[in-house]
Amino acid sequence: PLVSTAGLVVPARAARRAVVAFNVITLEHAEAVAAGAERTGLPAILQISENAVRFHGGDLSAVAAATTAVARASTAPLALHLDHVVTPGLVHAAHAAGFDSVMVDASRLDHGDNVKATAEAVRWGHARGMWVEAELGRVGGKDGEPPLDAHAPGARTDPAEAAAYVAETGVDALAVAVGSVHAMTERTAALDHDLIAALREALPVPLVLHGSSGVPDEELRAAVRAGMTKINVGTALNTAYTAAIRAFLAAHPETVDPRRYLAGAREAMAETAARFLTVVAGEGHP
Ligand code: G3H
Ligand code: ZN
């Protein structure tokens, strides 16, 4: 069934568990995440980024309707979330499409403008019962961004600044920069677990780990133990999807029916989703 993002994430923080959010680009992505959630008996969040909306022509409604229908039809609890929004109008479209949570990404703006834009989105969203995530610090590796060293001084989220930011903006969850980078195709990221624990102490809201595809299983478990509540996974699904298609087409170059290769690609994503769900669910806070 379709459930609310806050309904998954808020109790997870209180119980010191984490919820995995998967980025959906195609219908097969949504079906695969639903299958992974059903196989493991765990809930998940289906999130659509502004970049994915742009890929589908800029209008959220078709991809939102398909994803909503998949969530409704599933036996697993699945929530919907709009991810990395830089265009304020898209928050309004998300509300109209029935989404009850968004991430407003003003992390490219300077600090004052980030606070202003985020606080404005929070005011608008809260008036309509929405749950709003924002980002402080630079996770890096987003589309069109110059490469960023996640270990450089100043790239990480400072706990005192983060506490002030949450108080000023009123956000419901915070994406923090603790060593992960978006779009990694190898799982080699090392996280700062002491910083995660310090942020967990300093902030009254759930912490969100972006760029989790590049984080090894052990590091993910340690991050959950240290206090991460929402684990965002995108690239790992695409790595599995594309590898399956590449292998199928190499072996069957005569294929023209996309269902022949999409079936395997969808199954590879479902297995990947199930693996992340199991790893993250395996560890709560001591
Ligand atoms: O918001 C989306 C996530 O941060 C996904 O990052 O593609 O590196 O796993 P990833
Ligand atoms: Zn992200």
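These notebook entries record what I looked up in a predicted model of one protein chain with a ligand.

Conventions. I number residues from 1 along each chain as its sequence is written, with chains lettered from A and ligands numbered from 1 in the order in which they are written. In this predicted model, local features need pLDDT of at least 70 and side-chain atom pairs count only at pLDDT 80 or more, while totals for chains, interfaces and linings use all residues.

Fold. I find 11 helices and nine strands in the protein chain (DSSP runs numbered from the N terminus: helices are H or I, at least four residues; strands are E, at least two). The C-alpha trace spans about 60 × 40 × 35 Å along its principal axes. Of the 286 residues, 49% are buried (20 or more other C-beta atoms within 10 Å of a residue's own, C-beta atoms being placed from the backbone).

Ligand 1. I looked up its shell and found 16 residues surrounding ligand 1, the closest being His210, Ser213, Asn232, Gly234 and Thr235 (C-beta atom, placed from the backbone, within 6 Å). Strand E4 (78-85), strand E9 (228-233) and helix H10 (235-251) each supply at least two residues of this shell.

I place Asp83 in strand E4. Asp83 counts as buried because it has 25 C-beta neighbours inside 10 Å. Beyond its neighbours within four places in sequence, Asp83 is in contact with Asn23, Gln47, Ile48, Ser49 and Met103 (C-beta atoms, placed from the backbone, within 7 Å).

Terms used: A residue is buried if 20 or more other C-beta atoms lie within 10 Å of its own, exposed if 12 or fewer, and partly exposed in between; C-beta atoms are placed from the backbone. Two residues are in contact if their C-beta atoms, placed from the backbone, lie within 7 Å.
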